[in-house]
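Student: I would like to learn how to read side-chain contacts in a model, going through them one kind at a time. Could we begin with the aromatic residues and then turn to the charged ones?

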Amino acid sequence: MLRHDVPVRPELDKIAHDHGFDFHIIDDEIYWDESRAYRFTLRQIEDQIEKPTAELHQMCLEVVDRAVKDDALLEQLAIPSLYWDAIAESWRNNDPSLYGRMDFVWCGKDPVKLLEYNADTPTSLYESAYFQWIWMEESRRSGVIPRDADQFNAIQDKLIARFNALRRADPLYFCCCKGTEEDRGTVFYLEDCARQAGLDTRFIYIEDLGLGVGGVLTDLDDNVIRQAFKLYPLEWMMRDENGPMLRKRHEQWIEPLWKSILSNKGLLPLLWRFFPDHPNLLPAWFDGETPVIAPGFAGCVRKPLFSREGGNVTIFDRHKNVIVHEDGDYADEPMIYQAFQPLPRFGDSYTLIGSWVVDDEAVGMGIREDISLITKDTSRFIPHYIAG
């Protein structure tokens, strides 16, 4: 993995606007950063990213299978017991999933280590699947990168194929909250992929969902919603006023209810429990359990079970001193701990690899950088390519 400077395309703002990338600048700060790029070899991608992603995903599915049969595990995950039966039914019925993103730390020598699995509402999808591919094609033509360069990126093709497999007679609704430009952009992109697959799609904001007779969801024209993609966390849905309606399973949600097990940080200690010493895992344990950290690690990381975008994550050194802490809205959530493996540092930035899963396959990746060891929603996105 080599990081090097590259020239920014002239009129980048116009290029981003023309492609609908309206959040390439966030809060007047650069989000999409193409002043640098990461170069990988094909062997690095296949052996160090693609293969571990596929294996870890299968391990995660085994955790789901165990958890839906064991109430004690669901209790450790702090999933409300009200939904246990519905989650198990969702798993037994093989309710379809679309995508997810595993976040890795990789220093180039040892195997990648899983930091977490964003299996319910992962973002940075449009950047990974589409805009960095456009960057690669234009950079090849201009000679900025080798003309025979490639990219670990079959994300869009796989999304379209997956939507085609999910096609039903009913329209597929796409939902997100109001006032979130990044979420709206991600949902708009996914809706476009679904349309390319031949699906009849509709968009509605979460706040505009209605409740019809018998507890069915309706749109603004009182049409019954029978299947919907939501960029809205399952744990939030369970806590909402109408959350108990999920148990009736009137709608087919993407992501499905069983994904609530994988999107939970408690997945990390369960993976370590069932697959101890796996080369792609870091030691992890629930709060209150005996720490299982091994010598050689720099400390530990405390994470709320339902934390998002780095909220309320704290990194400690081996003497329990705080290295860095991120504020957030999850301070009162149950916590897990994970051995601390520092992200690789390039200049003044730390680098995180996001490996994408679509339809149970490893299909591509995106790279994020931040001056902090804790990656957040505003952390910069850096393109990559394969050469050699």
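Student: Which residues form one aromatic cluster here?

Tutor: Please keep in mind that this is a predicted model. Phe21, Phe23, Tyr31, Trp32, Tyr126, Tyr130, Phe131, Tyr189 and Phe381 come together as one aromatic cluster. Across the whole structure, a search finds 23 aromatic pairs.

Student: What describes a pair of aromatic rings?

Tutor: In general, the distance of the centres and the angle of the planes describe a pair of aromatic rings. For Tyr99 and Phe229 the ring centres are 6.1 Å apart and the planes stand at 50°, so this pair is tilted. Tyr99 and Phe229 are both buried.

Student: Why is the pair of Tyr232 and Trp236 edge-to-face?

Tutor: The planes of the Tyr232 and Trp236 rings are at 80°, with the centres 5.4 Å apart, so the pair is edge-to-face; the cut-off that matters for this step is an angle over 60 degrees.

Student: Are Tyr232 and Trp236 buried or partly exposed?

Tutor: Tyr232 counts as buried because its relative accessibility is 11%, whereas Trp236, at 33%, counts as partly exposed. The cut-off needed here is that buried means under 20% relative accessible area.

Student: Now for the charged residues: how many salt bridges are there in the count?

Tutor: The general idea is that side chains of opposite charge can pair when their charged atoms come close. In this model the count comes to 29 salt bridges. One of them joins the side chains of Lys14 and Asp18, at 2.8 Å from N to O. Both Lys14 and Asp18 lie in helix α1 (residues 12-18), where they are four residues apart, about one turn of the helix. Lys14 is partly exposed, with a relative accessibility of 47%, and Asp18 is partly exposed as well, at 49%.

Student: Where do Arg66 and Glu62 lie?

Tutor: Arg66 and Glu62 are both in helix α2 (residues 42-67), four residues apart, about one turn of the helix. Their side chains meet in a salt bridge of 3.1 Å, N to O. Arg66 is partly exposed, with a relative accessible area of 35%, and Glu62 is also partly exposed, at 33%.

Student: Which parts of the chain does the pair of Arg308 and Asp120 link?

Tutor: The side chains of Arg308 and Asp120 meet in a salt bridge of 3.9 Å, N to O. This pair links distant parts of the chain, with Arg308 in the loop between β14 (299-304) and β15 (314-317), and Asp120 in the loop between β6 (113-118) and α5 (125-142), 188 residues apart. Asp120 is buried, with a relative accessible area of 0%.

Student: Finally, which residues gather in a patch of negative charge on the surface?

Tutor: That patch of negative charge is made up of Asp70, Asp71, Glu75 and Asp85. Asp71 is part of helix α3 (residues 71-76), and with a relative accessible area of 46% Asp71 is partly exposed.

Definitions and conventions
Residues are numbered from 1 along each chain as its sequence is written. This is a predicted model: local features need pLDDT of at least 70, side-chain atom pairs count only at pLDDT 80 or more; totals for chains, interfaces and linings use all residues. Side-chain values use heavy atoms; hydrogens and water are left out. Patches are made of residues with over 30% relative accessible area and no salt bridge: like charges are joined within 9 Å, nonpolar side chains (Val, Leu, Ile, Met, Phe, Trp, Tyr) within 5 Å. Accessible areas come from the Shrake-Rupley method with a 1.4 Å probe; for residues, only the protein chains shown count as cover. A salt bridge is a side-chain nitrogen of Lys or Arg within 4 Å of a carboxyl oxygen of Asp or Glu. Lys and Arg count as positive and Asp and Glu as negative; His and the chain ends are not counted. The place of a charge is taken as NZ of Lys, CZ of Arg, CG of Asp or CD of Glu. Helices (H or I, at least four residues) and strands (E, at least two) are DSSP runs, numbered from the N terminus. Buried means under 20% relative accessible area, exposed over 50%, partly exposed in between (1.4 Å probe, protein chains only). Rings of Phe, Tyr and Trp (its six-membered ring) pair if their centres lie within 6.5 Å; planes under 30 degrees apart count as stacked, over 60 as edge-to-face and the rest as tilted.
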